[in-house]
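This report describes a ligand site, a pair of strands, a helix and several salt bridges. Please keep the sequence and the structure at hand while reading.

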Amino acid sequence: MTKFREADVVVLGCGAGGIAAALGVKRNGGDVVILERQQPDKHTPSVRMSGGWLMTLTDAQEGAHYLSACAGGVVDEKLFAPWAQRNVHLEKWLADVDVKLILADPLTWGLSREEYGADMWAEHPSLSGARSVRVSRMATSVPPRFKTQGGMTGDTGEVVGGEAIYRGLMKAVDDNAIDVRWGTRALSLIVDHAEDPPRVRGVRVSVEGSSDLIEIRARRGVVIATGGFGGSKSLVREFLPVPNTRFYGNPDNEGDGLRMAMSVGADLVRMTRMVGRGIISFALPDKREIGFLFVMSGGGYVICDQEGKRYADEYEQAQQQHTFYYRMQEFDTKRVRYPRSPSYWIFDERRRKAGPLPFTDRAAVAVGLYDWSADNQREIAAGWIATGATPGAAAVGAGAENAAAFDEEVRAYNAACKRQDDVFGRPRSSLVPLDSPPYYCVPLWLGGPYAHGGPRRDVQGRVISTAGRPIPGLFSAGEMGQAVGLMYPASGASIAEALCLGELAGEAALASR
Ligand SMILES: Cc1cc2nc3c(=O)[nH]c(=O)nc-3n(C[C@H](O)[C@H](O)[C@H](O)COP(=O)(O)OP(=O)(O)OC[C@H]3O[C@@H](n4cnc5c(N)ncnc54)[C@H](O)[C@@H]3O)c2cc1C
């Protein structure tokens, strides 16, 4: 075992939470090193894959009320105050890293205030404090670090979305001369048992291209910011309510940090929770499973269960809200199966022609993990998108059994479109008939960007043990153990939380003895 480096604070993971933590150390005069398992030119943290939306709050107290109401009692209330207090300064914080905010308009999501209400920025407008929520998209003119790292350019010529916040954060890393060790995977924590109570003193890592296990020592603390555990099939199966849940975030977020925290006795919180919706997901030729965040609108659409029955207002899913996840969790106790995962998304030629099924400005396509064809034909040829002369034939091609049931359900949906009155209360603007053959069908899995269960954190980002005490020298930030509860507050809440509480964890780690 070779000793490799020593720093005041060692941060595991170079994503939103990890970079904010490292800045929290560096700007307060500390020495910090970030360990990142990926290589710089293939770096796909979820923050880079993201849509680059950011939730800000106009009033810290009101905002904390709202966050607390969304959490539904499952998050330590104390965490909302520092999140909200830092959040009201996020616009300035981001300006310092060359990222600006473009306030979102209802039209961004195809919404109108008549359909969604006056507080459209908050995902749950009826909850207390919702009026303090704003949602913006992030933009920057910082150039890419590598030619291969593209990004969507907005009207102003700036890059917008996840690529924008990523570039801004990486520039801040460079400007602050923060040492990042790439290709360095954190594996286990070094604990000094001679201290009472035992203290985390560093981390053992493997470095790509070397078989050595190397030690990196922390004088003050280790901040775990390795993202959620959606990349680990075994953790997903063990902890989430629906075992076949799939994800479209960074595939290398495999829960390493979670396992490390568990190994030193961390208490765990919200292990069964996730940020979710329906997602599409396929196995690449190299057998890697890749999830995609997709665009449902562009024609008519229905989502049916395995019996061919619609079961909810699909508009929630089409609007990228985080509520459809709850509709998909149904469990059939008689047949011991989850009849809504997969569900089946049915569309017609109008949607096929409207553009690629996934978003191309975020998730797997945006960061180059897969190149989806503009007309969807490559994916039809690969068998990912099933096609048929009737909706039922397409559904059977995608793995469903009862073609007649799907045909019948689409007939009923088309009749509702004609009446402009849907049994699930879908807004009229979304009632576009399915009447342009051929028909298409894709399995829709219960899934999302990440699973956010993790070690319990206190108000300073300290990891708390099963005995209810801080584990000396151990902190956490980002998705893992994130302070999001039952309902997702608003687009952009995750990055906001990772930045606010990540910076706080870095500062607290530096201050710890
Ligand atoms: C497609 C998509 C769209 C999204 N859109 C939005 C949005 O618009 N707004 C919003 O607020 N949120 C959004 N999110 C969620 C948000 O991006 C994430 O929750 C947030 O960026 C997570 O930050 P993080 O630091 O915890 O994880 P990440 O940003 O993923 O960083 C974790 C880092 O840790 C590294 N790592 C993992 N294991 C190890 C290890 N053992 N050793 C060393 N390094 C390791 C990973 O490679 C990665 O670089 C989206 C997510 C996705 C996937």
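Two strands pair if DSSP finds at least two bridges between them. Helices (H or I, at least four residues) and strands (E, at least two) are DSSP runs, numbered from the N terminus. The model is a predicted one, in which local features need pLDDT of at least 70 and side-chain atom pairs count only at pLDDT 80 or more, while totals for chains, interfaces and linings use all residues. Residues are numbered from 1 along each chain as its sequence is written, and side-chain values use heavy atoms, with hydrogens and water left out.

Strand 2 (residues 32–35) runs parallel to strand 8 (residues 179–181), and 3 bridges join them. Within this pairing, Ile 34 has Val 180 of strand 8 as its bridge partner. In a regular strand the side chains alternate between the two faces of the sheet. In strand 2, Val 32 and Ile 34 point one way, whereas Val 33 and Leu 35 point the other way. All four are buried, where buried means under 20% relative accessible area, exposed over 50%, and partly exposed in between (1.4 Å probe, protein chains only).

Helix 1 is largely enclosed by the rest of the structure, because 10 of its 11 residues are buried. Among them are Ala 16, Gly 17, Gly 18 and Ile 19.

**The ligand site**

The ligand is surrounded by 40 residues, and the closest are Glu 36, Ser 46, Asp 256, Glu 479 and Ile 495. A residue is near a molecule if one of its heavy atoms lies within 4 Å of it. The shell divides into 16 nonpolar, 18 polar and 6 charged residues. Here Ala, Val, Leu, Ile, Met, Phe, Trp, Tyr, Cys and Pro count as nonpolar, Asp, Glu, Lys and Arg as charged, and the others, Gly among them, as polar.

The side chain of Glu 36 has an N or O atom 2.7 Å from an oxygen atom of the ligand. A nitrogen atom of the ligand is 3.0 Å from a backbone N or O atom of Gly 51, and an oxygen atom of the ligand is 3.0 Å from a polar backbone atom of Trp 53. On its own the ligand has 1,000 Å² of accessible area (Shrake-Rupley method, 1.4 Å probe), and the protein covers 98% of that area. Elements giving two or more residues to the shell include helix 1 (16–26), strand 9 (184–192) and helix 17 (493–511).

**Salt bridges**

The whole structure holds 39 salt bridges, each a side-chain nitrogen of Lys or Arg within 4 Å of a carboxyl oxygen of Asp or Glu. Three of them are listed here.

| Pair | N to O distance |
|---|---|
| Arg 456 and Asp 267 | 2.8 Å |
| Glu 408 and Arg 411 | 3.1 Å |
| Arg 462 and Asp 458 | 2.6 Å |

Arg 456 lies in the loop between strand 20 and strand 21, and Asp 267 in the loop between helix 9 and strand 13, so the pair ties together parts that are 189 residues apart in sequence. Arg 456 is partly exposed, at 32% relative accessible area.

Glu 408 and Arg 411 are 3 residues apart in helix 16 (residues 403–419), about one helical turn. Glu 408 is partly exposed at 41%, whereas Arg 411 is exposed at 52%.

In the remaining pair, Arg 462 is partly exposed at 27% and Asp 458 is buried at 13%. Elsewhere, salt bridges that share partners join Arg 5, Glu 6, Asp 8, Asp 31, Asp 179, Arg 181 and Arg 219 into one network.

Notes: A polar contact is a pair of N or O atoms within 3.5 Å; within protein, one must be able to donate a hydrogen and the other to accept it, and residues adjacent in sequence count only if both atoms are side-chain atoms.
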